[in-house]
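User: Hi! Could you walk me through this one?
Analyst: Happy to, here it is.
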Amino acid sequence: MRQIHEFHVDSTRYLDDHGKPLGELPPQAENTERVLAAYRNMVLTRTFDAKAIALQRTGKCGTYPSVLGHEVVGTAIGQSMTNTDVFVPYYRDQATHILRGVSLKELLLYWGGDERGSAWEHCPQDLPIAVPIATQCCHAVGVASAFRIRGEARAVVCCIGDGGTSKGDFLESINLAGAWHLPVVFVVINNQWAISTPRSLQTGAETMAQKAISAGLPGHIVDGNDYFATAEAVDTALERAYGGKGATVIEAVTYRLGDHTTADDATRYRSAEDLKRAWEKDGIKRLQNWLHGSGLWSPDKEKTLQAECKQTVDKAVADYLATEAEPPTTMLDYLFESLPIALKGQREQIADKYRGGAA
Amino acid sequence: MSKAEHGEETRDVTLVEAVNMALHWEMARDENVVVLGEDIATNGGVFRTTVGLKEAFGFKRVMDTPLAENLIAGTAIGMATQGLKPVAEFQFMGFIYAGVEQIISHAARMRNRTRGRLHCPIVFRAPFGGGIHAPEHHSESTEALFAHIPGLRVVIPSSPQRAYGLLLAAIRNPDPVIFLEPKRIYRAVTQTVANNGEALPLDTCFTLREGDDVTLITWGACVLETLQAADQLAEQGVSCEVIDVATVSPLDRDTLLCSVAKTGRAVIIHEACRNGGVGAEVAASIAEGAFLDLQAPVVRVTGYDTVMPYYRNEQYYLPQVEDITRAVEQVIAL
């Protein structure tokens, strides 16, 4: 028998659970400004997340998916991308959206039942939040195809959860990315849970990253709570994409520290011990420890940052709560470029129904 | 580019050739137009609708995709968000279902979801309908599935001229269009088509024949049998108005209601099964908008509420000329 192919999947981490370097750090660690900015974004994201959950619990926001445990990987992605790249998210990418320029108010509007939450003034080409699982992967290869057709040195980053890798959309998309050498980076954020279904039930494959091999792409695992490992992996994959060398799949291993959404109760299917162990690997604390150890951080700086983040979030919440709903007639106004004659009567009906009110 | 440089010509073509002409015209006119699908580039499409495009515009704009319809739909959406105008071909309508999540959940709502920030100027083309002795899954007429979805246009040409003009309009339209080509008449008739880049409107039905006694409302390949039935009925002294709906959604109710107000009778003919078909929407619109003008109940001549039979029996499923004349005689008698 002749062996035709063998593959390996590497796994990278630079810090131990307490933020101590395990060896030499990648160049990303030398850019102090970038590391500090990353830490700030992680803290802001976590502050925002806690507030959004509180708003939902008090009836001021709709069902909301907590980003707890994804702050590190999301921040690394957002920092690595340039303005001309396109981000194709799923629905737990708050940390990246903030860096791309989506406002906290817009995020609240989206989860607070207002379509204007996806109007995204500052990153107009990024795709909106995708709720149907893995469907965004096909859009990512479409955007990357447009770059290839036009000969542009731009790239796409597409996020997906571990559960999403079970869907055809993901497999079909990485397959196309391989066949057409597309400038796209798929980041599988493996947080161990697809609502209540554990990672072990999603696939018999030992890793999510190795699915890349079937598509002719490189697949890497990184510790998704290790900022340096994640930042290096995304930087490298983007350089590869810009250079016309094709797509990459990164499996960022982390843990969903919150419920799936505010409508979920994770205590039904996972143990307190499991969660406690995951908190011990928390990436934000890990980076904070490293910053302290490197002389870049202090309790005072932490206190100031926490206060700033709270102030930023409070202001966004106030803006969100002060925003009136759109007139109900807008439910027809953005369906087509211009309202078809066939729908004019229905628009008038809506206007009549709300005459004197919001319409 | 002048029309002469563009290769303007007038010639007799089939519906297949008209589709091909429109694709050539618009790809030459607009570099954002790209074509993707299975077997469409080197092979020119299994029905040859895309012949010559690869040679004229290259692989970058004429793309053979892997065999995955969901991927075709979703990739077209991603391309469209970048300002391209993809024309995505599904080889047969029976294979469009794998792409339906992408079409319904994303293409149809991207503009609305983003409040106009992103939109999807995509044409999803598919040959549809029976009558060509094809294997299972190759004879579907499920236009009603898409007509039900807000945010989609559903367009069905029934002649070479309308195929040319409506396809140009569909490509130029800034929103997603499901463009269904009646493959039974892909080569059944030829018609003189001026290859001049002129599009037809996407919001009006086409009145193919004027008449006073009854309005025959149809679309797709059934237009042929309906016109034949109208000829036969004329010999019996029954004057039929024949309307090709063509733009199945959004539906041009005004043209239909005006006609029924004049004739007082309506027969709806479509190949798809009856239950929940587009004919039901047409009939309901007539009941709501022209009830007092009616001299007889609205009658539907359609496929049956069953699976499209394999081809030995498909002629018993598809509406025939006699089915239409019988229905007209029935409503005229009232």
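Analyst: One term before we start: two strands pair if DSSP finds at least two bridges between them. Strands (E, at least two residues) and helices (H or I, at least four) are DSSP runs numbered from the N terminus. This is a predicted model, where local features need pLDDT of at least 70 and side-chain atom pairs count only at pLDDT 80 or more, while totals for chains, interfaces and linings use all residues. Residues are numbered from 1 along each chain as its sequence is written, and chains are lettered from A in the order in which they are written.
User: Thanks! Which residue stands opposite Val155(B)?
Analyst: That is Thr247(B), in β12(B). Strand β6 (153–155) of chain B pairs with β12(B) in the antiparallel sense, over 2 bridges.
User: And what is the strand order in that open sheet of chain B?
Analyst: The 7 strands run β3-β2-β4-β5-β7-β6-β12, with mixed pairing. The edge strands are β3 (62–64) and β12 (247–249) of chain B, each pairing on one side only.
User: New topic: how many residues of chain B are in contact with chain A?
Analyst: 36 residues of chain B are in contact with 34 of chain A; contact means that C-beta atoms, placed from the backbone, lie within 7 Å.
User: Which element gives the most on the chain B side?
Analyst: α3(B), with 9 residues.
User: Last one: how is chain A divided?
Analyst: Into domain 1 (10–323) and domain 2 (327–359), with bounds from an automatic or database domain assignment. Their C-alpha centres lie 37 Å apart.

Technical notes: Contact = placed C-beta atoms within 7 Å.
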